[in-house]
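Please read it alongside the sequence and the structure shown here.

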Amino acid sequence: GSEMCIRDRPEITVTYFKPDVRKSGGTYVTAIGNLKRIDEIERVLILTDGCKIPLDDVVDIESNLLRDMF
């Protein structure tokens with residue numbers, strides 16, 4: 001399937017670049033949450049709190065489960 005469901009919802013720390021909508025540039029944001037699923041079509045990580053993080057903007061992931069994937 002196009003979605004990878006994550007059964008045990010591991011805690012994950014993701015650092016990603018969040019573009020500024022008003023001007024060029026942006027900031028690096030660190031999100032800590034539990035991974036719900038990875039949508040490979042939209043290319044986003046979806047956390048259990050509903051936060052969607054574009055895979056292309058991710059600069060660092062800390063998670064025991066995902067360390068081998070990236």
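The model is a predicted one, in which local features need pLDDT of at least 70 and side-chain atom pairs count only at pLDDT 80 or more, while totals for chains, interfaces and linings use all residues. Residues are numbered from 1 along each chain as its sequence is written, and side-chain values use heavy atoms, with hydrogens and water left out.

The mean pLDDT (the predictor's confidence in each residue, from 0 to 100) is 87 for the protein chain, and 83% of its residues reach 70 or more. Confidence is lowest in strand β1 and highest in strand β5, as the table sets out.

| Strand | Residues | Mean pLDDT |
|---|---|---|
| β1 | 3-5 | 65 |
| β5 | 52-54 | 96 |

The protein chain contains six strands and zero helices, where strands (E, at least two residues) and helices (H or I, at least four) are DSSP runs numbered from the N terminus. Of its 70 residues, 30% count as buried, that is, under 20% relative accessible area, with exposed meaning over 50% and partly exposed in between (1.4 Å probe, protein chains only).

Leaving aside neighbours within four places in sequence, Tyr16 is in contact (heavy atoms within 4.5 Å) with residues including Thr27, Ala31, Ile53 and Val59.

Asp39 lies in strand β3 and is buried, with a relative accessible area of 8%; the side chain of Asp39 reaches the backbone nitrogen of Glu42 at 2.9 Å. Ser63, in the segment after β6 (58-62), is likewise buried, at a relative accessible area of 4%. Beyond its neighbours within four places in sequence, Ser63 is in contact with Pro10, Glu11 and Ile12, and the C-alpha atom of Ser63 is separated by 9.9 Å from that of Asn34, 29 residues apart along the chain.

Key. Polar contact = N/O pair within 3.5 Å; in protein donor to acceptor, adjacent residues only side chain to side chain.
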